[in-house]
Amino acid sequence: MPITLKSTDDLQAMRTAGRLAAEVLDMLAEHVRPGVTTDQLDQLAHRHIVDVQGAVPAPLNYAPPGYVPYPKSICTSVNHQVCHGIPNERPLKAGDIVNIDVTVIKDGWHGDTSRMFVVGEGSIQARRLVQLTYEAMWRGIVRVKPGARLGDIGHAIQTFTENQGFSVVREFCGHGIGRKFHEEPQVLHYGRPGTLDELQPGMVFTIEPMINAGRREIRELGDGWTIVTKDRSLSAQWEHTVAVTETGWEVLTLSAGSPPPPEFVRG
Ligand code: MF3
Ligand code: CO
Ligand code: CO
């Protein structure tokens with residue numbers, strides 16, 4: 001399957017889906033505190049997406065080839081969980097870090113975004129990882145423009161991350177997105193400048209780096225979904241859905257509660 005280019009109308013629909021996904025995170029933010037279970041967050045998100053937004057939670061029963069159907073409406077990845085953590089009955093506790101990944105389908109179009117939350121205070125080390133991963137995502141986003149290549153995005157994220165002594169997970173990547181949850185291209189979070197596909201206006205894809213405080217190696221838990229760091233070091237991830245415009249980039253997954261871009265983006 002080739003990379004699909006989105007029309008002006010398609011992009012308008014994707015802006016709506018993207019904003020709705022981000023607004024789920026806005027809604028959840030105040031509920032992420034010690035004692036809440038990730039199941040409770042999942043139920044809050046599910047009800048909001050279905051009842052308030054009139055949208056569909058894309059993860060629920062999602063089953064790519066080789067996977068069992070995903071059983072919940074959001075992903076919640078805690079501490080050394082890298083991605084695809086399944087909400088459960090365990091309460092969050094002060095000091096945990098959690099990634100909440102929300103994907104909604106509105107009028108047939110997908111919006112995919114995730115944020116990190118620090119429960120209670122959080123160690124200096126944990127907060128540093130969360131901040132650095134946020135900046136790593138934005139180091140990738142600002143490379144997006146017609147004529148740039150996917151390898152430029154990966155290279156920017158990788159060099160920034162490794163220069164600070166952290167590691168980039170290789171096995172999972174960003175992805176094209178539109179009428180389908182996961183489309184071409186794959187958007188690696190490491191790589192060499194000037195390599196891979198050239199970006200064109202109308203492409204839409206996610207940038208969603210997973211960064212480990214320790215080594216980059218991962219393994220899968222027995223549930224068919226949850227990915228953890230092999231060395232049990234902390235892992236963080238942020239995700240935006242981004243469109244290539246005529247002159248650069250547009251983030252489609254912004255909302256009133258989105259954290260501001262880092263200083264270097266605002267100039
Ligand atoms: N939202 C994830 C991504 O960013 C995919 C989750 S697949 C699921 O690509 F089935 F676990 F939800
Ligand atoms: Co994604
Ligand atoms: Co996602």
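Biologist: How do the residues of the shell around ligand 1 divide into nonpolar, polar and charged?

Modeller: In this predicted model, 14 residues surround ligand 1, and Pro 59, His 175, His 182, Glu 208 and Glu 239 are the closest. By class, the shell divides into four charged, four polar and six nonpolar residues.

Biologist: Which side chain has a polar atom 2.8 Å from an oxygen atom of ligand 1?

Modeller: A nitrogen atom of ligand 1 lies 3.1 Å from a side-chain N or O atom of Asp 101. For Glu 239, the distance from a side-chain N or O atom to an oxygen atom of the ligand is 2.9 Å. The contact at 2.8 Å belongs to His 182.

Biologist: How much of the accessible area of ligand 1 does the protein cover?

Modeller: Ligand 1 sits in the largest pocket. On its own, ligand 1 has 330 Å² of accessible area. Of this, the protein covers 97%.

Biologist: What is the geometry of the site of the cobalt ion (ligand 3)?

Modeller: Asp 101 (OD), Asp 101 (OD), Asp 112 (OD) and Glu 239 (OE) coordinate this ion at 2.1 to 2.4 Å. Ideal angles for six octahedral donors are 90 or 180 degrees. Here the six donor atoms give angles of 58 to 166 degrees, and the site is classed as irregular.

Biologist: Which residue coordinates both the cobalt ion (ligand 3) and the cobalt ion (ligand 2)?

Modeller: Along the chain, the donors of ligand 3 follow the spacing D-x10-D-x126-E. The two cobalt ions, ligand 3 and ligand 2, are 3.3 Å apart. The residue that coordinates both is Asp 112.

How values were computed:
Residues are numbered from 1 along each chain as its sequence is written. Chains are lettered from A and ligands numbered from 1 in the order in which they are written. This is a predicted model: local features need pLDDT of at least 70, side-chain atom pairs count only at pLDDT 80 or more; totals for chains, interfaces and linings use all residues. Side-chain values use heavy atoms; hydrogens and water are left out. A residue is near a molecule or strand if one of its heavy atoms lies within 4 Å of it. A polar contact is a pair of N or O atoms within 3.5 Å; within protein, one must be able to donate a hydrogen and the other to accept it, and residues adjacent in sequence count only if both atoms are side-chain atoms. Accessible areas come from the Shrake-Rupley method with a 1.4 Å probe; for residues, only the protein chains shown count as cover. On a 1 Å grid over the protein atoms alone, a cavity is a set of points where a 1.4 Å probe fits but cannot get out, and a pocket is an open set with protein on both sides within 12 Å along at least five of seven lines; lining residues have an atom within 4 Å of a point. A molecule sits in a cavity or pocket if more than half of its atoms lie within 2 Å of its grid points. Ala, Val, Leu, Ile, Met, Phe, Trp, Tyr, Cys and Pro count as nonpolar, Asp, Glu, Lys and Arg as charged, and the others, Gly among them, as polar. Donors are N, O and S atoms within 2.8 Å of the metal (3.2 Å for Na, K and Ca); water is not among the atoms, so sites may look incomplete. Four donors count as tetrahedral if all angles lie between 85 and 135 degrees; four count as square planar and six as octahedral if opposite donors are over 155 degrees apart and all others between 65 and 115; anything else is irregular.
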